[in-house]
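Biologist: I am new to this structure and would like to go through it in questions and answers. Please show it before we start.

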Number of protein chains: 2
Amino acid sequence: MEKTGKKAALADAVNLLAQAEEALIISHVAPDGDTLGSALALAWVLETRGTAVTCFCEEEAPANLRFLPGIERIVHVLPSEPPRLVVFADCAEARRAGPQLRPETLRQTTTVNIDHHVSNSLYADWNYVDTKAAATGELVYGILRRLGPVKDERVALCLYTAIVTDTGRFSFSGTTARSLRVAAALRPYVDVAALNEMIYERRPLAQGRLLERALARLTFPAGGKIALVALSLADYAAAGAELNMSEGVINYIRAFQGVEAAVLLKEAESGLVRVSMRSNGAADVNRVAGRFGGGGHKRAAGCVCRRDLRAATEEVLKALKEEMDSGRDD
Amino acid sequence: MEKTGKKAALADAVNLLAQAEEALIISHVAPDGDTLGSALALAWVLETRGTAVTCFCEEEAPANLRFLPGIERIVHVLPSEPPRLVVFADCAEARRAGPQLRPETLRQTTTVNIDHHVSNSLYADWNYVDTKAAATGELVYGILRRLGPVKDERVALCLYTAIVTDTGRFSFSGTTARSLRVAAALRPYVDVAALNEMIYERRPLAQGRLLERALARLTFPAGGKIALVALSLADYAAAGAELNMSEGVINYIRAFQGVEAAVLLKEAESGLVRVSMRSNGAADVNRVAGRFGGGGHKRAAGCVCRRDLRAATEEVLKALKEEMDSGRDD
């Protein structure tokens, strides 16, 4: 795909989707609630209107999102013959679809890009991109409402999930009055307590055991401004935990009083350490990660260090302290 | 106070408040975000309109709510001469004001009761009680909007806090479309990221140390359906934690996969154990607490056992198991 697109209006997106006989809806790799919820909500409504819909996501949905209605219909292998209309849901770039989607595949198709990322490259024929939206789910709600009242419980659950997850339960700074208004419109059709329980409260025991070990290893360097945990292969083994269970750890340790930045170092294999960093705003952890060949956002970034756990810890901590000190000189 | 009240309409509440020359606004003991945010929002607006306002709450605000604008103006000693208008904010009963408020004190005053608790006893002259509201803050918003646009950042912060805290960040089942619509209306005047950080992400270190010990003591009786932690005086001492820091513990342990009910037993002093219970819906922990002279709600209840920690643990666990088994026979 080497299309040069322009921004499309809501009405264009609605027209394209309303007239489609067949559509392929694509969610991004490392799928989250917004990309999956947006895609499935679109699928339910378009299908009801007679469109033949295929949903594609190269990777499996995380365990806590498998309750999404229609999740079992998502295929992980791209159809050999792509339909005439391809819709990207929540993908900042076409390559977020994953390696199966080759640039030449979509030359004969019409592509629509529905997204809210600031970094969106307007890669499709029609780009309905609104960076003021806190979630792509808000934009999909706007589209679907033009096609009729949004009252289907499956659709509402998908869209509410998209918004709740991408706004951090309405707590991130990007949460707008519109985010809350769309949630209000969907609320009558959604069991919010059940939804929150499914997404946030079915924690595997191993995750608790991992947090227990993490708290035992927790230190507060830089006079308490940094919360630091380094977990070894032995820690993961003892907790029975997998590497991807550590999101709970970093979120927990960054929320201590006085902490401005949190670092979690995970020994993924001998001599290879994955680093996650979070900042409460003052420090730019994207810059720190960049010094180790990684990246992300100002408030959340990561990198990989090919060193042993102790050396990686020292180097990352040093870099983070330097970043925090330089910030103070501005 | 032995008044027999009746339900008052929104318009009645608005008229009374709009005409008051002086008012005492009362928040309940064990103050939370809803009672404090509602009272302070009322205070800011009434004062701007020329009413002389005193805010009273017998107990100190929790540390994480001290950011509320106006918190420093709340007095903890009841004025000897109560004003002609007394407003109860979020108090299900007059005695929720605490022991300083004697029944005879308010005989000469007009009382208004603004609340959303199902158990509200309509104890005032004017009772604006709406049990469908997720927070009293929603009702106060409705009142204040009748007096003019709600755009003051201090008022918006107070009301948003009331709603966020009483809905568990919009996750409890009582969260309604109106809760979300009021939040949407306030959003332009509130920094939601800063607010969430202040309420939820300034955890004292001792609270983390307490969770670490709690996780070390965590067991899953009843085939994993119960999450159980018993913390001794020694545990609190070792963590440097106070008894009231355990809300984080019960919320964490109740969110494990497969857990239907969580129990936390806290040795408050030798031979005295405070018990907190949470249910994900199936078990009625109010009934269990009732067997020990305590109470609460179906999903959240507590009691006190005058026994040693081990005996209390065994008895409460036995009672909870019986409740869960009897539920299955229904």
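Biologist: How many residue pairs are in polar contact between chain A and chain B?

Modeller: This is a predicted model, in which local features need pLDDT of at least 70 and side-chain atom pairs count only at pLDDT 80 or more, while totals for chains, interfaces and linings use all residues. Residues are numbered from 1 along each chain as its sequence is written, chains are lettered from A and ligands numbered from 1 in the order in which they are written, and side-chain values use heavy atoms, with hydrogens and water left out. A polar contact is a pair of N or O atoms within 3.5 Å; within protein, one must be able to donate a hydrogen and the other to accept it, and residues adjacent in sequence count only if both atoms are side-chain atoms. With both residues at pLDDT 80 or more, the count between chain A and chain B is 14 residue pairs.

Biologist: Which helix supplies the largest share of the side of chain A that touches chain B?

Modeller: Helices (H or I, at least four residues) and strands (E, at least two) are DSSP runs, numbered from the N terminus. Helix H5 (177–186), helix H6 (192–200) and helix H7 (205–217) of chain A each supply at least two residues of that side. The largest share, 8 residues, comes from H7(A).

Biologist: How many nonpolar, polar and charged residues does this side of chain A have?

Modeller: Ala, Val, Leu, Ile, Met, Phe, Trp, Tyr, Cys and Pro count as nonpolar, Asp, Glu, Lys and Arg as charged, and the others, Gly among them, as polar. By these classes, the side of chain A that touches chain B has 20 nonpolar, 8 polar and 9 charged residues.

Biologist: Which residue of chain A forms a salt bridge with B:Arg254?

Modeller: A salt bridge is a side-chain nitrogen of Lys or Arg within 4 Å of a carboxyl oxygen of Asp or Glu. The rule finds 2 salt bridges across the interface of chain A and chain B. For B:Arg254, the closest N and O atoms are 3.0 Å apart, and the partner is A:Glu201.

Biologist: Why do the copies meet through the same surface?

Modeller: Contact means heavy atoms within 4.5 Å, and 37 residues of chain A are in contact with 37 residues of chain B. The copies meet through the same surface because the share of interface residues of chain A that are also interface residues in chain B is 100%.

Biologist: Which residue of chain A has the C-alpha nearest the axis?

Modeller: Superposing by least squares on the C-alpha atoms of residues with pLDDT of at least 70 in both copies, chain A can be laid on chain B with an RMSD of 0.4 Å by a turn of 180° and a shift of 0.0 Å along the axis. The two copies are thus related as by a two-fold rotation axis. In chain A, the C-alpha nearest the axis lies 2.4 Å from it and belongs to A:Glu212.

Biologist: What is the bridge partner of A:Leu228 in E8(A)?

Modeller: Two strands pair if DSSP finds at least two bridges between them. E7(A) and strand E8 (residues 261–269) of chain A pair in the parallel sense over 6 bridges. In E8(A), the partner of A:Leu228 is A:Val263.
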